[in-house]
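Please read them beside the sequence and the 3D view.

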Amino acid sequence: MDKRDYYEVLGVPRGANKDQIKKAYRKMARQYHPDVNKNDGADEHFKEINEAYEILSDDQKRAAYDQFGHAAFQGAGSGFQDFGAGFGTMADIFEEFFSGFAGSGFRSRRRAGPRRGTDLRYDLEIDFLDAIFGAEKKIEVTRPVTCPDCGGSGAEPGKAPITCPDCNGSGEVRRVQQSILGQFVNVTTCSTCGGSGSKITEPCRTCHGRAQIQQTKTITVRIPAGIDNEMQIRLTGEGGPGVNGGPPGNLFVVVFVKPHPYFQRRGDDIYLPLDINISQAALGDEISVPTVDGEATLQIPAGTQPGTRFTLRARGVPRLKRTGRGDQHIVVQVAIPRKLTETQETLFRQLGETLGKEVIPQQEKGIFNQLKEALGDWFGF
């Protein structure tokens, strides 16, 4: 599938300045963020918005895009990582193609640079009412952190890493080969140092040379009012530590809402199935019904039929990141007693005698019967 023009994605003209681009990005990011927009395709659109902003907010990348279009970022070494990983510059791209040829004059710059830390996930189960009104929850997260003893170098304190003897600190190993086109150089990441350009001779005793340790941290999570099942809360910077000075990742808390014994949620509305007895349905009554805010009074009119729905306005779920609340709907059913006392049975028999025993079938009229009734006078039916 062809990529859309980045200016079209953000809805800005090609001559837009940085402030206009940033303003357009923020507006669209809020609209299509996965935490807010649950429509099909919103997640992909959000990625597309971030990709466009990543290019147009950087002067070098924007200049490359204006000149070469999407082709400027295709091929080896390009691509996004977690909405935040940067592209190489045009010099990096040219180097990717030409650095292997003798006499090209390009100096290797493939040495490992700053990388963003990994994102983490935590599944949190909350009560129904906590999802309605919001809450604060404390969670314990075990995650990698930079080793406090070696500061992330991986080497024993006081023993600095040495320059890698295999790549001489470049992070790359070059091998000269011959081809029908002449001599060229094959460049690969150094397997000894992993591209860092340095080698640890005495690993840190705390992290064993891994530069990170596992640590448990207590974090307070603020649950917004109106959150729904499987929505995510992003805690910026609470993920894994960055590499080589890169920023930390994020922690995504995925919320799972426990079902309520009798309330049922549908979007911003709450439904409550409620049984009433035959007397209440026939004669009417004033009853007390539960809501998420406490008890409320509901007037049952005489002659209420099974399945009748009553609505209590603004007694539902607070609208997430908006004002107002949904409604509560009470759907009544008439409960038929399975056992009767002798007095109740006598009264029902007396009532039955007054109602008669005639059975009137209720069925939907077919199209022929409807036409017959409508045209009966004309044709003498």
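1. Glutamate 238 counts as buried, because its relative accessibility is 18% and buried means under 20% relative accessible area, exposed over 50%, partly exposed in between (1.4 Å probe, protein chains only). Glutamate 238 is placed in the loop between strand 8 and strand 9 (251–257). Once neighbours within four places in sequence are set aside, glutamate 238 is in contact with Leu120, Arg143, Lys217, Ile219, Gly249, Asn250 and Leu251; contact means heavy atoms within 4.5 Å.

2. A word on the basis of these notes. The model is predicted: local features need pLDDT of at least 70, side-chain atom pairs count only at pLDDT 80 or more, and totals for chains, interfaces and linings use all residues. Residues are numbered from 1 along each chain as its sequence is written, and side-chain values use heavy atoms, with hydrogens and water left out.

3. For the overall picture, the protein has nine helices and 15 strands. Helices (H or I, at least four residues) and strands (E, at least two) are DSSP runs, numbered from the N terminus. The protein has 381 residues, of which 32% count as buried. Among contacts with a separation of 6 or more, 62% are between residues 24 or more positions apart.

4. Strand 8 and strand 9 run antiparallel and are joined by four bridges, and two strands pair if DSSP finds at least two bridges between them. Glutamine 232 has valine 254 in strand 9 as its bridge partner.

5. Strand 12 (residues 285–291) and strand 13 (residues 294–300) run antiparallel, with seven bridges between them. The two strands form a hairpin, joined through two residues. Proline 290 stands opposite glutamate 295 in strand 13.

6. Which rings pair? The structure holds five aromatic pairs; rings of Phe, Tyr and Trp (its six-membered ring) pair if their centres lie within 6.5 Å, and planes under 30 degrees apart count as stacked, over 60 as edge-to-face and the rest as tilted. Tyrosine 25 and tyrosine 53 are stacked, because their ring centres are 4.1 Å apart and their planes lie at 10°. This pair links distant parts of the chain, with tyrosine 25 in helix 2 (residues 18–32) and tyrosine 53 in helix 3 (residues 42–56), 28 residues apart. Both tyrosine 25 and tyrosine 53 are buried. Ring pairs also link Tyr6, Tyr7 and Tyr65 into a cluster.

7. Two backbone angles deserve a look. Glutamate 230, which is not a glycine, has a positive phi near 70° and is found in the loop between strand 7 (212–223) and strand 8 (232–235). Alanine 314 has a positive phi near 60° and is found in the loop between strand 14 (309–312) and strand 15 (328–335). Alanine 314 is partly exposed, with a relative accessible area of 40%.
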